[in-house]
Amino acid sequence: MRSKVLFSPFIRPAKVKPIRKLEEILAGCLANDENSKEWLYRSFYGYVKGVVIRYHKEPLQVEELVNDSFIKVFYRLHTFIYSTDSEDLPKLFKGWMARIASRTVIDHLRVAKNHWRFEEINEIHAPVNAVTVLDKMNVSDILSLLNELPQLQQVIFNMYEIEGFKHEETATSLNIPVKHSRVYLARAKERLRALYLNQIKES
């Protein structure tokens with residue numbers, strides 16, 4: 001069942017109330033003001049989509065997951081506690097939304113896990129040079145190469161290295177053995193290292 005499209009990001013409304021501060025937008029959303037909800041959706045659509053596409057490659061599914069994430073954001077907004085005079089409010093709010101979006105995708109992927117291609121795992125291997133090379137890569141380098149990874153490697157790399165999950169949490173979330181989480185992370189790093197070095201040679 002496809003999720004409901006909240007607002008189209010491609011259609012500009014004829015007239016929008018000039019809300020300028022995030023705390024005003026959040027207050028409006030909590031009061032169930034549709035104009036405020038549209039402002040929030042439009043303002044953070046790109047950010048939430050960026051979180052989702054770190055995990056999922058299929059465009060139509062990405063759009064569904066983005067909308068599913070926003071449905072949860074609006075539903076759980078009353079649980080986001082903040083100070084109206086906090087200069088870090090945008091950063092805190094984006095981090096809160098990112099956690100909702102990432103867990104929305106992870107829940108979806110766990111259900112679809114039977115369609116993943118699993119690799120044979122005989123032993124945990126950790127390439128000697130992988131960490132050194134990855135340390136030299138900036139975030140944009142890593143994100144640009146993530147889509148080249150097999151999906152399970154991509155998901156586990158995101159969860160462990162970007163979202164900060166522990167291997168035990170990753171294994172529980174994806175319903176896989178902890179050993180598999182460690183192996184797939186090592187393979188993801190090895191693959192990213194190879195892709196990065198190849199990119200350097202080609203440039």
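Which residues in helix 3 meet which residues in helix 4?

## Helix 3 and helix 4

Gln61, Leu65, Asp68, Ser69, Lys72, Val73 and Arg76 in helix 3 meet Phe93, Trp96, Met97, Ile100, Ala101, Thr104, Val105, Asp107 and His108 in helix 4; contact means heavy atoms within 4.5 Å. The residues of this contact divide into eight nonpolar, four polar and four charged. Nonpolar covers Ala, Val, Leu, Ile, Met, Phe, Trp, Tyr, Cys and Pro, charged covers Asp, Glu, Lys and Arg, and the others, Gly among them, are polar.

This is a predicted model, in which local features need pLDDT of at least 70 and side-chain atom pairs count only at pLDDT 80 or more, while totals for chains, interfaces and linings use all residues. Residues are numbered from 1 along each chain as its sequence is written, and side-chain values use heavy atoms, with hydrogens and water left out.

Two packed helices are described by the angle between their axes and the distance between the axes. For helix 3 (residues 59–76) and helix 4 the angle is about 125° and the axes are 9 Å apart. Axes are lines fitted to C-alpha atoms, for helices over the stretch in contact, and angles run from 0 to 180 degrees between N-to-C directions. Helices (H or I, at least four residues) are DSSP runs, numbered from the N terminus. Helix 3 and helix 4 are therefore oblique to each other; angles under 35 degrees count as roughly parallel, over 145 as roughly antiparallel, 65 to 115 as roughly perpendicular and the rest as oblique.

## Ser102 in helix 4

Ser102 lies in helix 4 (residues 89–111). Ser102 counts as buried because its relative accessibility is 0%; buried means under 20% relative accessible area, exposed over 50%, and partly exposed in between (1.4 Å probe, protein chains only). Leaving aside neighbours within four places in sequence, Ser102 is in contact with Val51, Tyr55 and Glu163.

## Helix 8 and helix 9

Helix 8 (residues 167–174) packs against helix 9 (residues 178–202) at an angle of about 110°, with the axes 8 Å apart. That makes helix 8 roughly perpendicular to helix 9. His167, Glu168, Thr170 and Ala171 of helix 8 make the contact with Val178, Ser181, Arg182 and Leu185 of helix 9. Three residues of this contact are nonpolar, three polar and two charged.

## Two loop asparagines

Most residues other than glycine have a negative phi. Asn175, in the loop between helix 8 and helix 9, has a positive phi near 60°. At 56% relative accessibility, Asn175 counts as exposed.

Asn32 has a positive phi of about 65° although it is not a glycine. Asn32 sits in the loop between helix 1 (22–30) and helix 2 (34–52), and at 48% relative accessibility Asn32 counts as partly exposed.
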